[in-house]
Amino acid sequence: MNVFGVDIGGSGIKGAPVDLERGDLAEERRKVLTPHPATPASVADAVAEVVSDFGWSGPVGITFPGVVTDGVTRTAANVDKGWIDVDAQKLLGDRIGMEVTVLNDADAAGIAEMQFGAGRGRKGTVILLTFGTGIGSALFLDGRLVPNTELGHLELHGHDAEKHASTKVKEDEDLSWPHWARRVQKYLHHVEMLFSPELFIIGGGVSRKADKFVPLIEGVRAEIVPAELRNNAGIVGAAMAATER
Ligand code: BGC
């Protein structure tokens with residue numbers, strides 16, 4: 001069965017039909033630039049453009065880079081503040097004329113990794129962290145998601161952790177891999193102190209370059225592995241969530 005997945009990110013809005021048996025894109029994904037400002041109305045137009053490009057009709061799952069409860073977007077750390085307390089499920093559903101399911105982007109990536117990627121068959125406490133513009137988190141116990149954990153906003157050195165250890169910060173401050181790895185290490189220690197997970201899955205675009213920083217991380221007891229679905233995890237997880245409605 002195919003279901004459509006859309007991943008709303010700070011720079012791009014990507015979508016494709018997903019083959020839910022294989023946990024992979026059924027067709028090459030389409031990407032449009034995220035409009036600026038990324039207001040609810042302009043993002044809804046961009047999502048509609050991606051979905052209609054495929055002539056899709058059927059269920060659609062959509063990720064959002066903030067807290068989402070019952071389809072309502074509650075926070076907007078890295079997107080337009082106009083998203084706060086918007087019934088995104090209704091807004092996006094009305095705009096594209098289909099039934100949609102909206103969930104947090106890291107939660108979506110986590111769901112996909114637990115089923116089809118690095119977390120397959122893993123029991124106990126597993127934490128997926130996505131490093132990008134911000135830091136997203138998905139917490140699982142025996143494969144079951146605890147949604148909206150927002151561990152990117154833990155305090156580290158008196159700041160939001162994502163303002164210290166995201167890949168955006170690495171780029172903005174032109175940090176070397178070893179320098180950035182030390183920051184990620186501090187962050188993982190902190191998360192480990194709180195949750196003692198068995199496994200950390202490192203997601204986000206930087207998971208492709210895991211060999212440049214994961215081997216440099218010391219003193220973390222949990223196993224640390226890169227995500228396997230890479231940039232498609234959000235799209236796949238969004239589609240999976242749309243079937244669970
Ligand atoms: C948001 C999270 C999101 C993460 C990654 C954070 O700033 O608060 O909800 O998962 O960025 O996009």
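**The ligand site**

Guide: Domain 1 (2-104 + 234-242) and domain 2 (108-232) both contribute residues to the shell around the ligand, so the ligand lies between them. The model is a predicted one, and the two ranges come from the domain assignment of the protein. Taken over C-alpha atoms, the centres of domain 1 and domain 2 are 23 Å apart. The two domains also touch each other: 22 residues of domain 1 are in contact with 17 residues of domain 2.

Now to the site itself. The ligand sits in the largest pocket. Around the ligand are P65, G66, V67, A77, N78, N104, D105, I135, G136, E150, H153 and E162. By type, this shell divides into four nonpolar, five polar and three charged residues.

Some of these residues place polar side-chain atoms by the ligand's oxygen atoms. For E150, an N or O atom of the side chain is 2.4 Å from an oxygen atom of the ligand. For E162, the corresponding distance between a side-chain N or O atom and a ligand oxygen atom is 2.8 Å. N78 has a polar side-chain atom 3.1 Å from an oxygen atom of the ligand. As for cover, the ligand on its own has 310 Å² of accessible area, and the protein covers 93% of that area.

To put the parts together: the ligand is in the largest pocket, with a shell to which both domain 1 and domain 2 give residues.

Note on methods
Residues are numbered from 1 along each chain as its sequence is written. This is a predicted model: local features need pLDDT of at least 70, side-chain atom pairs count only at pLDDT 80 or more; totals for chains, interfaces and linings use all residues. Side-chain values use heavy atoms; hydrogens and water are left out. A residue is near a molecule or strand if one of its heavy atoms lies within 4 Å of it. A polar contact is a pair of N or O atoms within 3.5 Å; within protein, one must be able to donate a hydrogen and the other to accept it, and residues adjacent in sequence count only if both atoms are side-chain atoms. Accessible areas come from the Shrake-Rupley method with a 1.4 Å probe; for residues, only the protein chains shown count as cover. On a 1 Å grid over the protein atoms alone, a cavity is a set of points where a 1.4 Å probe fits but cannot get out, and a pocket is an open set with protein on both sides within 12 Å along at least five of seven lines; lining residues have an atom within 4 Å of a point. A molecule sits in a cavity or pocket if more than half of its atoms lie within 2 Å of its grid points. Ala, Val, Leu, Ile, Met, Phe, Trp, Tyr, Cys and Pro count as nonpolar, Asp, Glu, Lys and Arg as charged, and the others, Gly among them, as polar. Domain bounds come from an automatic or database domain assignment. Contact means heavy atoms within 4.5 Å.
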